[in-house]
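Let's take a friendly walk through this structure, from ring pairs to cores and salt bridges. Have the sequence and the 3D view ready.

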Amino acid sequence: MLDTTSRSRSLPLDRFRVNRWRRGVVALSREKASEGAADRILRRFGLAIGIAGVIAAVVELPEIADQSRFVPVRWTVVEVVLAFGLFPVLAIVSVGMSRRMIQRVAGAAAVSFLAAMAVVPLAYAVPDAEGAASVWLYRVLALGVLAAVLAWRPPLAVAYLVVGAAFSALANLVVRETTALALLGDFARAAGLSALFLWCVIYARAAAARVDRESAIESSRAAAVAGAAARERERARFAALIHDAVLSTLLDASRAGTESPVLRRQAERTLEQLDECRVAGYEPDRLDAQSAIGFLRSAVHEVNPGIRFTTRRWPGFDDLHLPVDAASTIAAALAEAVRNSLRHATVAGREVRRTVTVTISAGGIRVVFRDDGAGFDLSEVPVDRLGISVSILGRMRQLAGGAGFVESEPGEGTTVTLVWGGNG
């Protein structure tokens, strides 16, 4: 009886845990589905490169063991950890972490791979290790290049390729005796093979970025077309109401010589229809979540296409009906915040990071623009500076159901938050 009772109590708990795990997996998959093409391709490349690093480590184990005869064991361990240690981490973070975290780990893996090559002169005390055709790191240089192109912009990745190819050729010079011509050949082979992988990743990421830009443009156009069509339908509906109800009521009133109960009821019904047209919940020109996201992304990228734009949606709670005029107001305030940051947040000697995060939940929308720039003291902003007080906060105050907030400190960057709720 005790066993039966404990088992019957654990079953609902286990079932609850399984269901909660399944809901979490579904939520994660939907959240990833809302990512842009550039983020998805970055995530998939990160996973593939991380797994490739693990496979390369296993494949190279026989050669690593063979060459370890000529170096102390501790140096072999250091080289292997520096060369391959961060690639499993890259595969793990690519599954569910943010874009910035993936790029940070990829950059660390690329730098660590170069460090492994820098250790070679310290590890090989004998310059011409007998039987060593080339150092094993030479054959896996493409891993470091792939991590670099995942983390940094193409010019930096190309520079990494050149430096890495030079390091690998010099590593061969340390391991075995070679001529200048053979050294040049080692450099050319390493650079040529790695350049092929580099070009493939750069091309794929550029294509994904173009897809995101075209998607944003199409979403903006679709929102504009939907708004125009909805306004046209509303005008047609109002014209039909005027013709069918108001004019017919006035015509009957002009013909009637005495008070008529039918005419009174018709007039009352017409007034009700006009009042419904004024205050009813008819929503012809409203944007759903996807259209609103595309509309705001287009507004930001028109000012600066380099600003990172991310979205967060809660499955089951992302039903949004954002009026076109409210979307236009939020987009205008957001664009002004971006322009203000570009004008005033510059910091000498470093690049200022700017991000926009749109969160949609429970019929409302929350837009957060952040930069890590110069910042400012809100209390010292002159009264005649209208960018914040009028173009951002003033716009949001005049929007029904809207609000805006600005937070900033000197040297700590600026955060602008814009919110709108369908219930006001």
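How many residues apart in helix α8 are Trp-199 and Tyr-203? They are four residues apart, which puts about one helical turn between them.

## About the model

This is a predicted model, in which local features need pLDDT of at least 70 and side-chain atom pairs count only at pLDDT 80 or more, while totals for chains, interfaces and linings use all residues. Residues are numbered from 1 along each chain as its sequence is written, and side-chain values use heavy atoms, leaving out hydrogens and water.

Helices (H or I, at least four residues) and strands (E, at least two) are DSSP runs, numbered from the N terminus. Buried stands for under 20% relative accessible area, exposed for over 50%, and partly exposed for in between (1.4 Å probe, protein chains only).

## Aromatic pairs

Searching the whole structure gives two aromatic pairs. Rings of Phe, Tyr and Trp (its six-membered ring) pair if their centres lie within 6.5 Å; planes under 30 degrees apart count as stacked, over 60 as edge-to-face and the rest as tilted.

Trp-152 and Tyr-160 make a tilted pair, 6.0 Å centre to centre with 55° between the planes. Trp-152 is partly exposed at 28%, whereas Tyr-160 is buried at 5%. The pair of Trp-199 and Tyr-203 is stacked, because the ring centres are 5.4 Å apart and the planes lie at 20°. Here Trp-199 is exposed at 55% and Tyr-203 is partly exposed at 48%.

## Nonpolar cores

A nonpolar core is a set of buried Ala, Val, Leu, Ile, Met, Phe, Trp, Tyr and Cys residues joined through side-chain atoms within 4.5 Å. The largest has 44 residues, and Phe-84, Leu-90, Phe-113 and Leu-137 touch the most other members. Helix α5 gives the most to this core, with 10 residues.

A second, separate core holds 36 residues, including Leu-320 and Val-416. As for helix α6, 11 of its 11 residues are buried, so the rest of the structure largely encloses it.

## Salt bridges

Seven salt bridges turn up across the whole structure, each being a side-chain nitrogen of Lys or Arg within 4 Å of a carboxyl oxygen of Asp or Glu. Asp-372 meets Arg-350 at 3.7 Å, N to O. That pair ties together parts 22 residues apart in sequence, since Asp-372 lies in the loop between β5 and α12 and Arg-350 in the loop between α11 and β4.

Asp-372 also forms a salt bridge with Arg-353, at 3.3 Å between the closest N and O atoms.
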